[in-house]
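Have a look at the sequence and the coordinates first.

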Amino acid sequence: MSRLPTLLVTGGMGLIGSHLLRLTGRWQSHATWYNRPPDTAVSHAAWHQLDITDPAAVDALVAALRPHAIIHTAYQFNTPDMERVIVDGTRHIATAAAAVGARLIHLSTDVVFDGRRGWYREIDTPNPLHAYGRAKVHSEIEVRDLTPNAVIARTSLVYDLDPPDGRSQWVIDGGRGQADVTLFTDERRCPIYAPDLAAALLELAANDCHGLLHVAGPEALSRYDFGVLLCRAVGAPTNGLKAAAAAASGLTRPLDCTLDTALAQRVLRTPLRPVTAVVAAPRAGIAQR
Ligand SMILES: NC(=O)c1ccc[n+]([C@@H]2O[C@H](COP(=O)([O-])OP(=O)(O)OC[C@H]3O[C@@H](n4cnc5c(N)ncnc54)[C@H](OP(=O)(O)O)[C@@H]3O)[C@@H](O)[C@H]2O)c1
């Protein structure tokens, strides 16, 4: 029998979940899927189909596995079920984690802030402008109240390069003139490389930090400048990208949601690299879709 601690990753087929499962060598890993059946050859995890909006199913799985830690990435964005999945689903996960004493690492977002000033610290008060941010704030409250020893890891734009994730690929296609891509020059974020974020989350699963933590890249980039770097990372042209000001778009958007990551940099050994460093670093292979 394995003596490795047990880890449960919700949303194992997602961007962050799939990176977590590539790095779980020191864990006996289990992962959940919802709509996308896993390719079991790709990961050593044991897979479980789960709808986190079903409290009995969540309780049954967590009670059966009794994981040491749960990294909760499952969510939906801009769907009719978004609030139910983010708020109720997270409550179910936190309740089940508390019942078995599992350590919970919950993913949240920089858009819990209104983006009016930037470089937000963990002590700053959220003021989300949209339903997604509001749902995430509610989910944070559920986690804080039900599992006081949990970590709530707020992150920013998550990207992958080998191969690029769907959103990054769309931007790269825009640079090549194969998609109509307009990026804002006045909307600033702290993008984080998916493998760096996954390593940081696994480190948190194994340590005893608790509370809010801003886990993002250290570098503030506009969406446009980030797009240019993504194109350069794969050797694609950038001249197809169009630039625009969000402030002039008539849309209500959180502009500067940069996160102050000083606390994370103090408590984590995992480096949270700036995009410029990731792009400049040699990678095993640059796969392009
Ligand atoms: N990606 C970013 O840039 C970013 C930025 C800030 C914060 N975050 C946070 O990071 C977390 C993960 O993001 P991600 O980009 O990895 O997400 P993702 O790629 O969209 O994956 C989300 C996963 O949630 C699963 N899911 C959806 N509804 C479910 C349900 N009812 N029950 C169980 N599972 C369900 C999906 O499973 P199936 O695929 O099997 O259907 C999917 O794999 C989220 O909490 C998000 O708020 C992400």
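Does Asn 78 count as buried or exposed? With 8 C-beta neighbours inside 10 Å, Asn 78 counts as exposed. The cut-offs: a residue is buried if 20 or more other C-beta atoms lie within 10 Å of its own, exposed if 12 or fewer, and partly exposed in between, with C-beta atoms placed from the backbone.

## Ground rules

This is a predicted model, so local features need pLDDT of at least 70 and side-chain atom pairs count only at pLDDT 80 or more, while totals for chains, interfaces and linings use all residues. Residues are numbered from 1 along each chain as its sequence is written.

Helices (H or I, at least four residues) and strands (E, at least two) are DSSP runs, numbered from the N terminus. A contact here is a pair of residues whose C-beta atoms, placed from the backbone, lie within 7 Å.

You'll find Asn 78 in the loop between strand 4 and helix 3. Arg 66 sits in the loop between helix 2 (55-65) and strand 4, and it is exposed, with 12 other C-beta atoms within 10 Å.

There's also a cis peptide bond, from Asp 162 to Pro 163, with omega near 5 degrees. Pro 163 belongs to the loop between strand 7 and helix 5.

## The ligand shell

Which residues come nearest to the ligand? Of the 28 residues around it, these are Gly 11, Gly 14, Ile 16, Asn 35 and Ala 74. To be in that shell, a residue needs its C-beta atom, placed from the backbone, within 6 Å of the molecule. By class, the shell has 13 nonpolar, 13 polar and two charged residues. Here Ala, Val, Leu, Ile, Met, Phe, Trp, Tyr, Cys and Pro count as nonpolar, Asp, Glu, Lys and Arg as charged, and the others, Gly among them, as polar.

Helix 1 (15-22), strand 2 (28-33), helix 3 and strand 5 each supply at least two shell residues. Helix 1 gives the most, with three. Helix 1 is also largely enclosed by the rest of the structure, because six of its eight residues are buried: Ile 16, Gly 17, Ser 18, His 19, Leu 20 and Leu 21. Among the elements covering them are strand 1 (6-10), strand 2, strand 4 (69-72) and helix 6 (194-206).

(The expected span is 1.5 Å times one less than the number of residues.) Its buried residues, including Val 85, Ile 86, Gly 89 and Thr 90, pack against strand 1, helix 2, strand 4, strand 5 and helix 4. After helix 3 comes Gly 101, with a positive phi near 70 degrees.

Helix 4 (residues 131-146) has 16 residues and reaches 22 Å end to end by C-alpha, close to the 22 Å expected. Buried in helix 4 are Gly 133, Ala 135, Lys 136, Val 137, Ser 139, Glu 140, Glu 142 and Val 143. Their cover includes helix 3 (82-100), strand 5 (103-109) and strand 6 (151-155).

## Helix 5 meets helix 7

Helix 5 (residues 166-175) and helix 7 (residues 223-233) pack at an angle of about 85 degrees, with their axes 9 Å apart. That makes helix 5 roughly perpendicular to helix 7. Axes are lines fitted to C-alpha atoms, for helices over the stretch in contact, and angles run from 0 to 180 degrees between N-to-C directions; 65 to 115 degrees counts as roughly perpendicular, under 35 as roughly parallel, over 145 as roughly antiparallel and the rest as oblique. On the helix 5 side, Ser 168, Val 171, Ile 172 and Gly 175 meet Gly 227, Leu 230 and Cys 231 of helix 7. That contact divides into four nonpolar, three polar and no charged residues.

Thr 238 lies in the loop between helix 7 and strand 13 (242-244). Leaving aside neighbours within four places in sequence, Thr 238 is in contact with Gly 175, Val 228, Cys 231 and Arg 232. With 17 C-beta neighbours inside 10 Å, Thr 238 counts as partly exposed.

How values were computed: Contact = placed C-beta atoms within 7 Å.
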